[in-house]
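The stops below proceed from the overall division of the chain to individual side-chain pairs.

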Amino acid sequence: MVAATLSACGGESGNGAADDGKITMGFSQVGAESGWRTANTDSVRKAAEEAGIELKFSDAQQKQENQIKAIRSFVQQKVDVIAFSPVVESGWDTVLKEAKDAGIPVILTDRAIDSPDTSLYKTFLGSDFVEEGKKAGQWLVEAYQGKSEQVNIVELQGNTGSAPANDRRDGFAEVIKADPKFKVIASQTGEFTRAKGKEVMDAFLKAHTDIDVLYAHNDDMGLGAIEAIEAAGKKPGVDITIITVDAVRDGMQALADGKINFIVECSPLLGPQLMDLAKKVVAGETVPARVVTEETTFTQEQAKAALPQRQY
Ligand code: GYE
């Protein structure tokens, strides 16, 4: 009974794709919280068009319930493939089981989920966020080499429960714990936005007069924090060392201007790889379980050199 229903559904969606010869992808995006996200959305839209894939785009406005609704509606519409960037890591098993039962393959893009059931999705395309956090920590360790005084760090975390917030925090912590002079004196979410980054940094500055370093999980929060630091009469990049992640153009400009000290790159240009994977998955081909994005890091000098060709 169950098997018959399953194959009927699978057959239908398969026929749907073959009928008009066009692949339909349901894509649930996190929101529009940052420069990274805007560049990612543009990349996905453009790549879908170039690949001849019909994109049903849905913006979750940073809410998991909206993503769950979008995925359910994609299942109802019998799209050929579902791709989504999970706003948080946990709580996806039920809805992804529904997609699986309907025979619709799922691709995780940008962010991972924490479910042990890896049969719920075909592949995960995106960055290694732990590695990004480690790179941030490694630069800091080198920058403060030979100094013995305590280094007071404040941290602006990404959205609570999201893979990039968890992993960037953990990767960074793992590297700096090797030297007890590094101390995270305050850590709070800035929700990956400029406005919240500014607000939280403002509170940090009021509570602590001795901040040496700011580690922000993305450029936007760092940029918001720079406004708060300047408003407090301090020089960002000089009085407070600033490390961020992403390397979007505004972040790179602040780095070149000396207001940020180091940026770990995280590429949002996932569209072309996502469409390639979607075609393969719909055709029933096997794809690697994990596709990691290649990325680099930037110092102030490197940002000056890279800015003219920066795509996003
Ligand atoms: O770093 C941040 C965005 O998931 C990698 O989300 C992404 C992160 C990115 O809001 O700017």
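Domain bounds here come from an automatic or database domain assignment. The model is a predicted one, in which local features need pLDDT of at least 70 and side-chain atom pairs count only at pLDDT 80 or more, whereas totals for chains, interfaces and linings use all residues. Residues are numbered from 1 along each chain as its sequence is written, and side-chain values use heavy atoms, with hydrogens and water left out.

**The two domains**

Select residues 5-127 together with 267-294 for domain 1, then 129-266 for domain 2. The C-alpha centres of domain 1 and domain 2 are 32 Å apart. Where they are in contact (heavy atoms within 4.5 Å), domain 1 supplies 14 residues and domain 2 supplies 18.

**The interface**

Next, display the surface between the domains. About 1200 Å² is buried between domain 1 and domain 2, with carbon and sulfur atoms giving 52% of that area; buried area is the accessible area (1.4 Å probe) that two parts lose on being put together, summed over both.

In the whole structure, a search finds 19 salt bridges. Select Arg 72 and Glu 98, whose side chains form one at 2.7 Å, N to O. Arg 72 belongs to helix α3 (residues 64-76) and Glu 98 to helix α4 (residues 93-101), so this pair ties together parts 26 residues apart in sequence. Helices (H or I, at least four residues) and strands (E, at least two) are DSSP runs, numbered from the N terminus.

**An aromatic pair**

Five aromatic pairs are counted, with ring centres of Phe, Tyr and Trp (its six-membered ring) within 6.5 Å; planes under 30 degrees apart are stacked, over 60 edge-to-face and the rest tilted. Select Tyr 144 and Phe 182, an edge-to-face pair at 6.3 Å centre to centre with 80 degrees between the planes. Tyr 144 sits in the loop between α5 (129-143) and β6 (151-157), while Phe 182 is in strand β7 (residues 182-189), 38 residues apart.

Methods. A salt bridge is a side-chain nitrogen of Lys or Arg within 4 Å of a carboxyl oxygen of Asp or Glu.
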